[in-house]
Amino acid sequence: MNGLSTILIVVGLFLLGGMYSFSKQKMPKGVIVLLGLSSAMCLAAGVMRIQGLWE
């Protein structure tokens with residue numbers, strides 16, 4: 001596992017936590033959806049780099 005994969009996964013988890021926090025604070029749905037999509041993309045890119053599918 002290289003550094004960029006780790007950073008992508010950590011950022012994805014950070015955004016996922018932000019999404020959870022914003023949903024608890026009753027923030028607008030658009031912000032929550034945007035954070036959810038961003039976290040999913042970061043996590044997917046990190047996992048794909050670990051698996052060697054995307055270099």
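## Overall layout

The model is predicted.

The protein has 55 residues, and 24% of them count as buried. Sequence separation matters for reading the contacts. Take the contacts with a separation of 6 or more: residues 24 or more positions apart account for 63% of them.

## How the two helices meet

What angle do the axes of α1 and α2 cross at? They cross at roughly 160° and come within 8 Å. An angle over 145 degrees counts as roughly antiparallel, so α1 is roughly antiparallel to α2. The contact of α1 with α2 has 17 nonpolar residues, eight polar and one charged.

The crossing also has a hand. α1 passes α2 in a left-handed crossing.

## Helix α2

Helix α2 covers residues 29-51, which is 23 residues. From its first C-alpha to its last it reaches 33 Å. That is close to the 33 Å expected at 1.5 Å a residue. After α2 comes Gly52. The phi of Gly52 is positive, near 85°.

Which residues of α2 are buried? They are Ile32, Leu35, Gly36, Ser39, Cys42, Ala45, Gly46 and Arg49. An α-helix has 3.6 residues a turn, so residues three or four places apart point the same way. The cover over the buried residues of α2 includes α1, residues 3-24.

## Ser39, a buried residue

Ser39 sits in helix α2. Is Ser39 buried or exposed? Its relative accessible area is 2%, under the 20% cut-off, so Ser39 is buried.

Which residues does Ser39 contact, leaving aside neighbours within four places in sequence? They are Gly12, Leu15 and Leu16. Ser39 and Asn2 are 37 residues apart in sequence, and 19 Å apart in space, C-alpha to C-alpha.

## Thr6, on the other helix

Thr6 lies in helix α1. Its relative accessibility is 34%, so Thr6 counts as partly exposed. The range for that label runs between 20% and 50%.

## The loop between the helices

Lys26 is found in the loop between α1 and α2. Its phi is near 60°, a positive value in a residue other than glycine. How accessible is Lys26? Its relative accessibility is 73%, so Lys26 counts as exposed.

Met27 is found in the loop between α1 and α2 too. Met27 has a relative accessible area of 33%, so it is partly exposed. Not counting residues up to four places away in sequence, Met27 touches Phe22 and Ile32. Ile32 is one of the buried residues of α2.

Note on methods:
Residues numbered from 1 in each chain as written. Predicted model: local features only at pLDDT ≥ 70, side-chain atom pairs only at ≥ 80, totals over all residues. Heavy atoms only, no water. Helix = DSSP H or I, 4+ residues; strand = E, 2+ residues; numbered from the N terminus. Expected span 1.5 Å × (residues − 1). Buried < 20%, exposed > 50% of the residue type's maximum accessible area, 1.4 Å probe, protein only. Contact = heavy atoms within 4.5 Å. Axes fitted to C-alpha atoms, helices over the stretch in contact; angles between N-to-C directions. Parallel < 35°, antiparallel > 145°, perpendicular 65-115°, else oblique. Left-handed = near helix turned anticlockwise from the far one by under 90°. Nonpolar A, V, L, I, M, F, W, Y, C, P; charged D, E, K, R; others polar.
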